[in-house]
Amino acid sequence: MDKLNSAILSYFADIIKKETGIIYSGDNVYQLDIRLNEICRALDLKGLEALYELSLSGGLLGTKKQLLLDTATNNETSFFRDPKIFKAFENYIIPEIQKMGLPGSVRIWSVASSFGQEPYSLSMILQQQSELGKVTKDFEILTTDISQRALERVAAAEYSQLEVQRGLPAMLLVKYFEKIENDYWKLRPEIKNRVKSKHMNLLNIVGVSGVFNAIFCRNVLIYQNEESKKQIVAKLASFLPSGGFFILGAAESLMGISDEFEQVSFESAYFYRKK
Ligand SMILES: C[S@@+](CC[C@H](N)C(=O)[O-])C[C@H]1O[C@@H](n2cnc3c(N)ncnc32)[C@H](O)[C@@H]1O
C-alpha cells in the first residue's frame, strides 16, 4: 500500500470513527480499502483519490455520506443467530418478564438490528407464545440501526432463500412467511407489524422513550472502544427497570464496562439482568 493510499484510508477511518465509533485499524484497514472501493464504484468515481477529493471539497454529504456509513458497517446477521439465547428468551426471559408485572405491553429493543433477522426472530417467538397464552400482554419491538440500507431491509421484510435457510426453522418459515417472486420470502403482517424501526446512532441515543423489558445489543459493541462501550451501556441501562434483561453477543461481556448488571444464565446461554 503506498503512502498516499494509506493516508487516505486513515482519513476515512477517522471520519468513520467520529461518526459511528467503528474502529478501522491494523489488519481491518484492508477491509476498509475494499469497502471504500465499493463506494467509488457506486458513485462512479475513478478511485480512492477521487473519493478523497470529493470529501475534501465538502461533496460527501446526505445520501453519499450515508453510503459511506452503510458501507463501513458490518451487517452480518441471521435468523435465531446463537440459538441458545433465543431458547433462553422463550423459556426464561419471557416468563420472568411476565412475573415482573410491569404495566403496559411487553417491550423489547433490538439495538443495531441489521437486516431485521434478530427483531423478527424475537417477534416470531413472542407471537407463538402469545398464541399459546404464555404472553398475556400485548408486545412490541423497537429496532434501530445506523445503516439506512439495513433499515430498508427491515421495512421490506423480504428474505432470500439463502437467508431463510440460515437459522430459520422450516416450521416457522411455513407458518409466518409467504413465498414471493425470485425465490424470496415475505414475512406475514402479524410478525412484521410488531416491529417498529428507527434510524439511530448508538453514539447519540435520542428519540427513544419509555422502559423496555429487554434490550438485545448483540455484536455491535465489539466495534467500539472501551470509553464508548461504557457510555453506550450506561445510556441503554437507563431504559431498563431493575430486573430488566440486557443481552450481548456470544463473544461479548460487560466485564470492566458496567457494574449495573449481574450475569445470569439459562442452560448454556449467558446474559445480564439490571440490579
Ligand atoms: C454485525 S451486525 C449485528 C446484527 C444483530 N444484532 C446480530 O447480532 O445478528 C452490527 C450492526 O450494528 C450496526 N451499527 C454499527 N455501528 C453502529 C452505531 N454506532 N449505531 C447504531 N448501529 C450501529 C451496523 O449497521 C450493523 O447492522
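Reader: Which polar backbone atom is 3.0 Å from a nitrogen atom of the ligand?

Author: That atom belongs to Arg218. A polar contact here is a pair of N or O atoms within 3.5 Å; within protein, one must be able to donate a hydrogen and the other to accept it, and residues adjacent in sequence count only if both atoms are side-chain atoms. Before going on, note that this is a predicted model, where local features need pLDDT of at least 70, side-chain atom pairs count only at pLDDT 80 or more, and totals for chains, interfaces and linings use all residues. Residues are numbered from 1 along each chain as its sequence is written, and side-chain values use heavy atoms, with hydrogens and water left out.

Reader: How many residues surround the ligand?

Author: A residue is near a molecule or strand if one of its heavy atoms lies within 4 Å of it. Here 21 residues surround the ligand, and the closest are Thr77, Arg81, Asp145, Leu202 and Asn219. An N or O atom in the side chain of Thr77 is 2.6 Å from an oxygen atom of the ligand. A polar backbone atom of Ile146 is 3.2 Å from a ligand nitrogen.

Reader: Which residues are buried in helix H7?

Author: Helices (H or I, at least four residues) and strands (E, at least two) are DSSP runs, numbered from the N terminus. Buried means under 20% relative accessible area, exposed over 50%, and partly exposed in between (1.4 Å probe, protein chains only). In H7, residues 148-156, these are Ala150, Leu151, Arg153 and Val154. Seen down the axis of H7, the buried residues fall within an arc of 155° (taken from the directions from the helix axis to the C-beta atoms), so they line one face of the helix.

Reader: What is found at the two ends of H7?

Author: At the start of H7, a side-chain oxygen of Ser147 comes to within 3.4 Å of the backbone nitrogen of Arg149. Just after the helix, Ala157 has a positive phi of about 50°.

Reader: Where does H5 bend?

Author: The bend at a residue is the angle between axes fitted to the seven residues ending there and the seven starting there. For H5, the bend is about 45° at Phe89. Phe89 is also among the buried residues of H5, which include Ile85, Phe86 and Ile97. Just after H5, Gly101 takes a positive phi of about 60°.

Reader: Is Lys64 buried or partly exposed?

Author: Lys64, which sits in helix H4 (residues 62-72), is partly exposed, with a relative accessible area of 34%.
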